[in-house]
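Please look over the model below before reading on. The numbered points that follow are meant to be read beside it.

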Amino acid sequence: MNNTLPIKQAAKWQDYLELCKPKVVALLMMTALIGMLLASESLPVWHILLFGNLGIAFCAASAAVINHLVDKKIDLVMARTQNRPIAQGRVEYQQAIIFASFLGLLGMCILVWLVNALTAWLTLASLIGYAVIYTLLLKRATPQNIVIGGLAGAAPPLLGWCAVTGEIHANALLLVLIIFAWTPPHFWALALHRRAEYASANVPMLPVTHGENYTKLHILLYTLLLIIITIFPFLTGMAGILYLTSAILLGGRFIYWCYELFNEKNKKAAINTFKFSITYLMLLFSALLIDHYTG
């Protein structure tokens with residue numbers, strides 16, 4: 001009989017990359033970069049573009065690692081997350097804490113020394129908002145977790161704007177408001193798709209606590225609110241007709257997916273709505289940027 005225990009494999013670099021949630025960070029960085037570009041009539045200076053994005057990205061990655069740490073038990077229950085590095089023990093707690101601390105400190109040092117203090121402190125507030133207030137406290141406390149905690153994820157355009165200008169501007173706050181309104185329908189669509197898993201993990205997401213129809217209604221209401229808010233860049237003179245046309249067309253498509261959610265025949269409506277919401281945000285901000293430089 002062989003009593004030899006299996007040798008534990010050392011963590012690979014891919015495991016540490018996965019901890020950083022690169023796809024999520026990439027979407028955040030896109031909105032931060034567009035915030036930078038919208039803050040200036042011409043291209044911002046190269047070192048702000050480079051170091052501003054690096055600093056914000058490292059801090060966002062640090063928050064993602066902390067999310068993995070806090071959500072280990074939840075991740076083991078849910079099919080889409082059960083193979084994550086910390087959940088499976090490929091990366092140990094101490095290693096992850098050191099990694100998260102290194103990323104956060106590196107990001108803060110870059111922002112303080114090479115960008116500006118305002119951007120650094122706002123980024124730190126966003127990190128704490130996501131990693132502590134949302135992940136550690138709100139996620140398990142209330143079905144409105146993503147509404148309240150969504151402000152942290154909405155901050156990147158403001159961070160990018162502040163990196164260039166060194167000040168908080170109303171237009172930057174409008175960009176934050178757009179993402180803030182976009183976040184609930186985005187996440188609730190995923191929560192609908194993963195309702196059984198969230199229920200098993202005892203996470204009080206809206207479909208678990210209030211049911212699917214209630215959630216679908218709120219996705220529709222928040223989508224309508226989002227469409228109204230996306231008109232404001234045109235009304236305030238921040239953007240022109242090209243952006244307005246794009247916002248209306250994209251909003252109409254989002255409403256279509258809300259209709260599909262209520263249509264019991266489409267079994268993939270929830271996950272398709274979630275996927276479209278990502279495309280929606282990318283195209284909306286791209287339209288803002290194109291309008292800014294061509295208008």
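Is the crossing of helix 6 and helix 8 left-handed or right-handed? The crossing of helix 6 and helix 8 is left-handed, where left-handed means that the near helix is turned anticlockwise from the far one by less than a right angle, and right-handed that it is turned clockwise.

1. Basis of the note. This is a predicted model, in which local features need pLDDT of at least 70 and side-chain atom pairs count only at pLDDT 80 or more, whereas totals for chains, interfaces and linings use all residues. Residues are numbered from 1 along each chain as its sequence is written, and side-chain values use heavy atoms, with hydrogens and water left out.

2. Overall fold. The protein chain holds 14 helices and zero strands, both being DSSP runs numbered from the N terminus (helices are H or I with at least four residues, strands E with at least two). The C-alpha trace spans about 75 × 55 × 30 Å along its principal axes. A compact globule of 295 residues would have a radius of gyration near 19 Å, and the 20 Å of the protein chain agrees with that; the radius is taken over C-alpha atoms, and the globule rule is 2.2 Å times the number of residues to the power 0.38.

3. Among contacts (heavy atoms within 4.5 Å) with a separation of 6 or more, 74% join residues 24 or more positions apart.

4. Helix 6 with helix 8. Two packed helices are described by the angle between their axes and the distance between the axes. Helix 6 and helix 8 pack at an angle of about 165 degrees, with their axes 8 Å apart, which makes helix 6 roughly antiparallel to helix 8. Axes here are lines fitted to C-alpha atoms, for helices over the stretch in contact, and angles run from 0 to 180 degrees between N-to-C directions; those under 35 degrees count as roughly parallel, over 145 as roughly antiparallel, 65 to 115 as roughly perpendicular and the rest as oblique. On the helix 6 side, Leu118, Thr119, Leu122 and Thr123 meet Leu158, Leu159, Cys162 and Ala163 of helix 8. The residues of this contact divide into six nonpolar, two polar and no charged, where Ala, Val, Leu, Ile, Met, Phe, Trp, Tyr, Cys and Pro count as nonpolar, Asp, Glu, Lys and Arg as charged, and the others, Gly among them, as polar.

5. Surroundings of helix 8. Helix 8 is mostly covered, with eight of its ten residues buried, including Trp161 and Cys162. Its buried residues pack against helix 2 (22–38), helix 3 (46–70), helix 6, helix 7, helix 9 and helix 14 (269–294). Helix 8 is followed by Gly166, whose phi is positive, near 75 degrees.

6. Helix 7. The buried residues of helix 7 (residues 145–153) are Asn145, Ile146, Val147, Gly149, Gly150 and Ala152, and they pack against helix 6 (117–137), helix 8 (156–165), helix 9 (170–193) and helix 12 (212–235). Helix 6 and helix 7 pack at an angle of about 155 degrees, with their axes 7 Å apart, which makes helix 6 roughly antiparallel to helix 7. In this contact, Ser126, Gly129, Tyr130 and Tyr134 of helix 6 meet Asn145, Ile146, Gly149 and Ala152 of helix 7, giving four nonpolar, four polar and no charged residues.

7. Helix 12 with helix 13. These helices pack at an angle of about 175 degrees, with their axes 9 Å apart, and are therefore roughly antiparallel to each other. By class, their contact has 19 nonpolar, three polar and one charged residues. Leu249, found in helix 13, is exposed, with a relative accessible area of 61%.

8. Loop residues to check. Lys21, in the loop between helix 1 (13–19) and helix 2, has a positive phi of about 50 degrees although it is not a glycine, and Lys21 is buried at a relative accessible area of 15%. Asn202, in the loop between helix 10 (195–200) and helix 11 (206–210), likewise has a positive phi, of about 60 degrees, although it is not a glycine, but Asn202 is exposed at 66%.

Terms used:
Buried means under 20% relative accessible area, exposed over 50%, partly exposed in between (1.4 Å probe, protein chains only).
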